[in-house]
Amino acid sequence: MYYSYYFRKFFAKFVCMFIFNKKLRQYIRHKITYRPIQISLNEVDKNIDINILTQINTYSNEYFIKLNKNIYKDKHKGFFDFDPNSKDKKSPLNPWAFIRVKNEAITLKASLENILPAIQRGVIGYNDCYDGSEEIILEFCKQYPSFIPVKYPYKIQINNPKEEKNKFYFYCNYLMKFIPQGEWFIKIDVDHIYNAKKLYKSFYIPKEDYDLVAYSRMDFIIKNQKIFIKKHNFGYLNDIGNDHWLIKNNNIKWEESIDIINGLTYYFEAVNTKKYKLYHTELLNYHFPYEKFRKRKAIDNTELTSLDDFLKKYYPKLVNIIDIDLLDKKLILDKYNSFNFNIKQEDVIYSKDKYNF
């Protein structure tokens with residue numbers, strides 16, 4: 001798999017030598033080099049014992065979300081209770097949640113509550129929070145003690161970091177110390193609302209140590225209770241550069257990734273996954289990126305499509321990887337309306353630098 005990637009990369013570079021359109025070059029490079037195995041709807045069910053699958057399908061996400069709200073300082077409940085293999089700390093059925101937070105109090109609690117029926121344990125790292133996120137994290141970890149709160153003791157500076165400890169990749173490696181070697185973890189962002197049943201089922205996909213399950217995203221924007229979807233360069237289901245995955249901690253290290261944006265140098269983070277066998281899941285989460293105050297102004301420069309238009313024009317091409325039930329208007333709005341909108345923008349002071357984490 002590792003050598004196959006480099007062959008495709010070389011071939012893509014050769015082909016793009018004869019193409020002058022930048023967007024077309026980007027599209028071709030992506031199509032040639034990034035070759036995941038697409039998991040279609042219900043395909044993962046074939047990997048699950050029929051008796052276990054029957055029990056999983058008997059219960060809804062909302063059943064466990066409601067049940068877990070009444071659990072305090074005890075093991076929470078979920079779909080993992082139906083398979084004894086989920087008790088194995090070395091199994092992909094029992095991954096750590098790897099979570100990073102900065103000032104995301106609007107979506108934070110709802111996102112965490114929605115992953116509980118799928119994920120048994122986790123590490124929640126946070127830095128420079130002054131919107132109430134820290135208090136939400138500490139209360140959540142107190143209620144569900146299998147989740148560990150980790151406050152990063154240094155500021156994160158994406159632009160012009162003063163020292164290594166102020167860089168994003170250094171922070172990520174700091175959090176990785178809490179995830180044991182040889183155990184699986186899944187990167188979770190808390191501006192996503194996950195369908196826990198589909199998420200848990202995706203844990204049955206990997207069979208080998210170097211299998212990687214990548215989770216595509218679709219960006220949802222709500223305006224006056226009307227639902228819109230963001231269009232990316234290559235469509236509405238975004239998988240380019242996506243770093244949401246289920247992966248085994250085979251000595252995972254984040255590396256420094258440097259980008260030049262509008263003439264400024266930014267220091268991000270990346271994991272080298274070239275030697276992994278990639279799988280893409282069906283859509284199993286809602287991404288609400290513009291509920292972060294620091295990103296809201298970007299909505300004005302975003303190409304949006306109403307959910308109704310998306311269903312008419314674009315959904316037929318994605319019918320094998322997006323469950324139509326997931327695009328139910330009431331369900332999406334119910335999740336959106338569960339957010340904590342009591343936080344006012346004027347109460348949260350952000351840097352003018354939108355990349356300041």
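Q: Two strands pair if DSSP finds at least two bridges between them. What makes strand β7 and strand β10 a pair?
A: In this predicted model, β7 (residues 211-214) and β10 (residues 245-248) are joined by 2 bridges. At least two are needed, so the two strands count as paired. Their sense is antiparallel. Ala 214 has Trp 245 in β10 as its bridge partner.

Q: How do you know how far the model of the protein chain can be trusted, in terms of pLDDT?
A: pLDDT is the predictor's confidence in each residue, from 0 to 100. The protein chain averages 89, and 87% of its residues score at least 70. Residues 349-357 are another matter: there pLDDT stays under 50, although the model has 23 contacts for them beyond four places in sequence.

Q: What makes up the secondary structure of the protein chain?
A: The protein chain has 10 helices and 15 strands. Of its 357 residues, 53% are buried.

Q: Why are β1 and β4 said to stand at the edges of the sheet?
A: The open sheet has 8 strands in the order β1-β13-β7-β10-β5-β2-β3-β4, with mixed pairing. β1 (37-38) and β4 (147-151) each have a single partner strand, so one side of each lacks a neighbour in the sheet.

Q: How do you know which strands pair with β2, and in which sense?
A: The bridges show it. β2 and β3 (residues 121-126) share 6 bridges in the parallel sense, with Val 101 opposite Tyr 126. β2 and β5 (residues 184-188) share 4 bridges and also run parallel; here Trp 96 has Phe 185 as its partner. Both counts reach the required two, so both are pairs.

Q: What makes a β-α-β unit out of β2, and which hand does it have?
A: The unit consists of β2, helix α5 (residues 108-115) and β3, and it is right-handed. With the strands pointing away from the viewer, the path over the helix therefore runs clockwise.

Q: Why is α5 called mostly covered?
A: In α5, 7 of its 8 residues are buried, among them Leu 108, Leu 112 and Ile 115.

Q: Why does Gln 225 count as partly exposed?
A: Partly exposed lies between the buried limit of under 20% and the exposed limit of over 50%. Gln 225 has 40% relative accessibility, so it falls in between. Gln 225 is in the loop between β8 (220-223) and β9 (226-230), and its phi is positive, about 65°, although it is not a glycine.

Q: Is Asn 251 buried, exposed or partly exposed, and how do you know?
A: The relative accessible area of Asn 251 is 46%, so it is partly exposed. Asn 251 is in the loop between β10 and β11 (255-261), and its phi is near 60°, a positive value in a residue other than glycine.

Q: What makes up the lining of the second largest pocket?
A: The lining holds 26 residues, and Asn 61, Asn 195, Lys 197, Lys 198 and Leu 326 lie nearest the centre. The pocket has about 440 Å³ of space. At least two lining residues come from each of α4 (61-69), β6 (192-194), α8 (196-202) and α10 (329-336); α8 gives the largest share, 4 residues.

Note on methods
Residues are numbered from 1 along each chain as its sequence is written. This is a predicted model: local features need pLDDT of at least 70, side-chain atom pairs count only at pLDDT 80 or more; totals for chains, interfaces and linings use all residues. Side-chain values use heavy atoms; hydrogens and water are left out. Contact means heavy atoms within 4.5 Å. On a 1 Å grid over the protein atoms alone, a cavity is a set of points where a 1.4 Å probe fits but cannot get out, and a pocket is an open set with protein on both sides within 12 Å along at least five of seven lines; lining residues have an atom within 4 Å of a point. Grid points are joined across faces, edges and corners, and a volume is the space filled by probe spheres set on the points. Buried means under 20% relative accessible area, exposed over 50%, partly exposed in between (1.4 Å probe, protein chains only).
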